[in-house]
Amino acid sequence: MRHRLVLTVLALTVVAFAQVAGAEVDREKLLKEPGVYATFAVFKVGDQWSQMDKEARAGGVAEVKKVFQKHADNLTVDTYLLRGLSEKADFFLRVHSKEMLHNQNFLVDLMGTTFGKALRNTDTFNGITKALNYVPKFPDDLKTELKTPPPQGNPYVVVVPVRKDADWWLMPQDARTALMKEHADATLVYLKTVKRKLYHSSGLDDLDFITYFETAKLDDFNNLVTALLQVKENHHNKQFGEPTLLGTIRPLDEILEILSR
Amino acid sequence: MRHRLVLTVLALTVVAFAQVAGAEVDREKLLKEPGVYATFAVFKVGDQWSQMDKEARAGGVAEVKKVFQKHADNLTVDTYLLRGLSEKADFFLRVHSKEMLHNQNFLVDLMGTTFGKALRNTDTFNGITKALNYVPKFPDDLKTELKTPPPQGNPYVVVVPVRKDADWWLMPQDARTALMKEHADATLVYLKTVKRKLYHSSGLDDLDFITYFETAKLDDFNNLVTALLQVKENHHNKQFGEPTLLGTIRPLDEILEILSR
Amino acid sequence: MRHRLVLTVLALTVVAFAQVAGAEVDREKLLKEPGVYATFAVFKVGDQWSQMDKEARAGGVAEVKKVFQKHADNLTVDTYLLRGLSEKADFFLRVHSKEMLHNQNFLVDLMGTTFGKALRNTDTFNGITKALNYVPKFPDDLKTELKTPPPQGNPYVVVVPVRKDADWWLMPQDARTALMKEHADATLVYLKTVKRKLYHSSGLDDLDFITYFETAKLDDFNNLVTALLQVKENHHNKQFGEPTLLGTIRPLDEILEILSR
Amino acid sequence: MRHRLVLTVLALTVVAFAQVAGAEVDREKLLKEPGVYATFAVFKVGDQWSQMDKEARAGGVAEVKKVFQKHADNLTVDTYLLRGLSEKADFFLRVHSKEMLHNQNFLVDLMGTTFGKALRNTDTFNGITKALNYVPKFPDDLKTELKTPPPQGNPYVVVVPVRKDADWWLMPQDARTALMKEHADATLVYLKTVKRKLYHSSGLDDLDFITYFETAKLDDFNNLVTALLQVKENHHNKQFGEPTLLGTIRPLDEILEILSR
Amino acid sequence: MRHRLVLTVLALTVVAFAQVAGAEVDREKLLKEPGVYATFAVFKVGDQWSQMDKEARAGGVAEVKKVFQKHADNLTVDTYLLRGLSEKADFFLRVHSKEMLHNQNFLVDLMGTTFGKALRNTDTFNGITKALNYVPKFPDDLKTELKTPPPQGNPYVVVVPVRKDADWWLMPQDARTALMKEHADATLVYLKTVKRKLYHSSGLDDLDFITYFETAKLDDFNNLVTALLQVKENHHNKQFGEPTLLGTIRPLDEILEILSR
C-alpha cells in the first residue's frame, strides 16, 4: 500500500504547484479554450550542469524561476520528469498561451539561462487547440458519456504524437465521423481513469496531432491503447508515437533537484 | 491585446531591416523574378559562442555584418529565429541571388568568421524560382483570385520541403493541372492571411520543392495545411516537411543578441 | 569441454546473486504475477568512468550498491552484459515492480550516482505483465506441453522488442488465436532449452511487446526464431528486434568490474 | 554580367589545375576507360584545424600535397567544395585508379596527415566504370546525338547516388533497353550544357550507380532532372540522391585556403 | 603491372599471418565446420589514440597482442582494414569460436585495453555456421560445380548483411529450393574468383544472414552481385547491405601501424 501513499502525496504536490504557477494568467481558461497554442519542449541535461558547484547551481535555479515568473502573465507551464522511463530526454515542459510568439519568447529566455545553456533540446512539438470536430455529430447518449469528468491528481503522463495517412484526410467527412465514433466508443470505459487532451499540429510541426494523457493507472492506459489499436482508424496512423513520452508529473523544484544530484 | 502590439512592432522592425539590407541589390526584383537561386541555410549555435567574453562576441558580430555587406550587391538575405519552436536549429538564412555560386561564396565567408566557426550547419535547402507552371491553364476567375495581394508584416515563417512520388511526375500534364486547380481552390480563402513562395529543387537537393510561408495567423495556416491534406494531390507527397521549420522573422541584430545571451 | 565448465560456473553465480538480490521483495512472485511493471534500461559507459582513479571508482561502485539496496523492498533488478556482442550498449538492467513510479525512482537515483553520471541511457523499454491471452482457448494437450518447466541457469539472454501491424490488431479474435496456436506449436521443441517471458508495451513505449529469452544453447535459439519466421504471424510483425539485444546474464559486481578495466 | 566573368575565371583555373595534377598518370585515359575504380570520399573539417596556428596549418597543407604527389603515378584526384551548399560536408575528392587498393592507400595516407586527422569522413561511394550497356542497341541517330561533345570548364558539380528496385533488375533486357532509350531521349537537349559520367556500384557499396554531373547552368540541370523524373524508369528508383551532393569544382589550394580561414 | 605485384605481396603476407595466428586452435576446422559462432566487430578509432606519444602507443599495441594470445586456444581472429573505402569504420575483426561467450570475453578484454578504450564499436554482427540447407536437393552436376575450390590469397573482403521478408520464410520449402538453385546457377562463373562464406543470424542479431566474400577481382564481384540482383530471390531481400563493408585483408600489425600514424 505504501506506493499508493507516495502517489497521492505526489499528486497533491502537483495540484498545489499548478495553483501557484497559474496565479497570474487564467490557467483554467487556457487549458479549456480553443485557439490556444501549445509547445511541448523536451530536454536532456548536459554534464556541465551536474559538474557546477552547489552555489552556482542554486543561482541557476533562481534564474530559471525568474524566467517562469517573467512570462507568467502570458502563459502557463506544466513540468514533467522523463528520466528513467525514456532514454530520449530528462524532462519536458508543456507551454500554453494565446500566441505562439509568447511560447518562443519564454523558451528563448529559458535557454539563455545558465541552466538552459546546459540543456539539449531533443524534441519540440507545436500544436493548437480547437473545438471538437466530430462530437457534434455523435448520438446524444455518447455525447453525454463523453462528458464523464476526468480523473484528477494523476501522477503519470503519456504524450503520443500522431500523423494520419492521405487516405484518412481524403475520406468523406461522414466516413471519418463513423470511424471516430468507433474510436470514441472504445475509450468510454477508460474515461474515469484516463484524462485526455488533443492538439492539432498540421503545418505547425511534422505531425497532425499531439495526444496528451494523464492517469494513475498505467494498466488501464495500456488497455485503452490496445483497444484503440483494434478500431479501424488504426489503419490510417502513419505515425503513432515515435517518440511516445512516458513520465511523471512533478513540480519544477523537484525536477531541478533531481537533475542537480 | 498586448501581444498584438508586440507582433506589430516586430513586424515593422522586420520591414525596416529589409529595406536597409536590400539597399544595394534590387531586392524586390530578386524576390519576384524567375531564375533566381535560393539557399536556405539552417544553423545551430555551439557552446563556444556563449562562452566567449562580451568583447570578443561584439567583435564577432561586427565581422558577421561585414560579410553581409561585402556580398550585398550580389544577393539579399532574410533572417529567421527558430530557437524555442524547433529542436532542430536556432536560426536560418534565406539567400537569393542570380547565381548559386554567389550563395556559396557568401555562406563560405560567413562560416569562416568567429561566429560562423561556432555554428553547426544542420540543414541546407537549395532551389530555383520559375514562372508559374499550371496557372496559365486555370480558369480566368481563379487566375484573378490568385492575384489577391499577400499580407505584409507577418511575424511567423514556415518552411515545408516537399518531394513528390513517381506517379505524380508520370501523370499526364492535364491530370496534374486538374489536381493543381483543386489545390489552388483550397488555398483561396487563405490568400489574405498567408503569403506563399515556391522554389524548385529537383536535382539541386534531395527535394522537389521548397514551400515558404509567412503569416500573422498560425490558426489560419493550420487550417490551410489541413485543407491541402484533403485534396487528391496529397496522395503524391512522398515527403511533406521533415523538417517543417516554424519560426519568426527577426532582424539579424535581434537574432545575434538572443544567441549571445 | 572447458567452455561448458565456464558456462556452468557462470550460471551458478547468477543464481546465487539472484537469491541475495531478491531477499527483500518477493522476487519469485514479481517474476510470475500479472500486473507487474518492467523497465529495461540499457546503458553505455562513457570514457570518464575508466579515466577515474581506482579509489574514486571503488567509491562509485559502493554508491551504486547502496542505491540497489535502498530500493530492494520495492523492486527486483536483473543485470546483463552486452559489451562485445552488441555495438549499441555495454549492459542493461531489467527492473520489476508493482508500480512504474518505483522503476523511475530507482533509475533516477542510479543515474544520479558518480557511475550513473558516466552512463549514456541508449534505450529504455517499458512493459507490463498480463495473464495469458490466447492459451485458455488452446487444445488441452498443447496447454499441457506449454507447461514444460523452462531451463534454469542459462548464461545467455536475448531481448526482442516487437510491434504488430494494424491488420493484426483488427483481425477477429478467433483468427488471431489460430495464428497464436500455430506460433505455440512451433515453439514446443524448444521449451526445454529456451526460457521465455512476455511484456505488453502498447502505449507505454513505441512497442507492442517485449519478448525476453534465456538459454544455454544459442543454436537452438536461432532455430526457434527461424521457426517463428515461418509461421503466418510473421506477416504482421512491423518491427521484430531493431534492436535485438544479445548478451550474457552476469552479476552486478562482474559487470562493474568489466566496465572498470 | 560580372558573375559570368567570375565563373569563367574559376573554370579556367580548374582546367589549368587538372592539367598539372594529371601530369604523371594518364588522366585522360583513366577518365574515359572502362574498368577504372572510383572512390568519392566526402569530408567535414573539425574545429581542431581552424584552431591550429598559421604555421602549423601551412605545414599541414604541405603534407597533404606530398601525399597527392606520392600517389600521382597510380591515380588522379579531382577536388570539390561543398561547404555552403550542403550541410552534410565541406568538400569531397573523386579518386580514379586501375585498382581499388590504390584508392584506399591514398586515402589512408591522406587521413594520416595532420589535416586528415582533423577530418570526419561523412560519406564514401565506391564504383567501377564499364562499357555502355544499352547504347549499342539504340537507333543510329540516337547513338550519333549521344556523341555530342560535353561542355568544358563547368563550375558546378552534382553527384546523385542511385539504387534500383528488384523489379528493375528482373525486367527482361529488352524492356530495360526500351526504358533506357526513353531516358536517353529525355537527356538529348541537355547534352550541350550538362556533362555526365556513370559508375557501377552494386556490391561495392550500398548503391547501384553513382551518377556524376558537371554544368555551368544549374537551371538546365534542374530541368534535366525534372525530365528524368517524368520517364517510366523513375518508378524503379528505390534511392535517388540521399545524399545529393551539390558543389563547385575548385582546385585543392583554394579548398584548403577556404577551410583554413 | 606494378599494382598486381603489390596485391600478390599483400596476399602472401596475409596467408603467412593467418598460419601464425591459427597455431593454437584448429583454425581450419573452425572455418569449415557447422555450429561455429562468428562475431564481426567493427570499430572506428578515436582521436585519443593518435594523440598519445609513440611509447604509450607501442605499449598499447603490445597489450592488444597479449589479448589475442590469451584467447588463441578458444578462437581465431581475422583482421580487415576498412578506412578509405568505408566512412563507417576503420577496421573490423571476424572472430570464430565454438561458444558465443568466448567471442564476448575476447572482445571485452580487447575493449578494456588502452587501444580498446580509444575505439568506438560502430557495428557488431553475430551469426552461426550451419550445414548447407538447399544444396542436398540440387542436381548432381550443380553439386559438383559448387565444389570448385575457391581462390586463395585474396586482398579484398566484402561483407553484406541480409534480411529476408516474411514471404520468403513462408514460402514452401520446394519453392525456396528452386529459387536457391537459380541463385546458385548465377554464381557458378564466379566460383573461381570469389570465395564465399555464409552465417545464419536470425535471433542473434537484427539480420537473417551475414554473407562474407573474398576476391582479388572486384570487377568480377560487381558482376556477381549484379547477377544476383537479377534472380527472383532478390524480391525477398528486405535488407541487402546497409552497411556493405568493403575493405582489404591485412595483418593486425599493419592495421595497428596505419591507425597509429
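**Chain contacts and a loop with a cis proline**

Hi everyone, let's start with two chains that stay apart: chain A and chain E do not touch, and their nearest C-alpha atoms are 19 Å apart. Chain B and chain E have no contact either, with the closest C-alpha atoms 19 Å from each other. Please keep in mind that this is a predicted model.

Chain D puts in 30 residues and chain E puts in 32 residues. Which elements of chain D each supply at least two residues to the side that touches chain E? They are β1 (37–45), α5 (100–111), β4 (119–128) and α8 (166–170). The most comes from α5(D), with 8 residues. By residue type, that side of chain D divides into 11 nonpolar, 13 polar and 6 charged residues.

Let's move over to chain B and helix α11, residues 252–259. Here Ile255(B), Leu256(B), Ile258(B) and Leu259(B) are buried. These residues lie on the same side of α11(B), because they cover an arc of only 160° around the axis. And what do they pack against? Part of the answer is in another chain, namely α5 (100–111) of chain A. From chain B itself come β1 (37–45), α3 (47–51), α4 (54–70), β2 (75–81) and β3 (91–97).

As a reminder, most residues other than glycine have a negative phi, and most peptide bonds are trans. In chain B, the bond from Glu242(B) to Pro243(B) is cis, with omega near 10°. Pro243(B) sits in the loop between β8 (237–240) and β9 (245–249). Glu242(B), in that loop too, has a positive phi near 50°. Is Glu242(B) buried or exposed? It counts as exposed, because it has 10 C-beta neighbours inside 10 Å, and the cut-off for exposed is 12 or fewer.

In chain C, Glu242(C) has a positive phi of about 55°, and it lies in the loop between β8 and β9 of its own chain. Finally, chain E has a cis bond between Glu242(E) and Pro243(E), with omega about 10°.

Key:
Residues numbered from 1 in each chain as written. Chains lettered and ligands numbered in written order. Predicted model: local features only at pLDDT ≥ 70, side-chain atom pairs only at ≥ 80, totals over all residues. Contact = placed C-beta atoms within 7 Å. Helix = DSSP H or I, 4+ residues; strand = E, 2+ residues; numbered from the N terminus. Nonpolar A, V, L, I, M, F, W, Y, C, P; charged D, E, K, R; others polar. Buried ≥ 20, exposed ≤ 12 C-beta atoms within 10 Å, placed from the backbone. Arc of directions from axis to C-beta.
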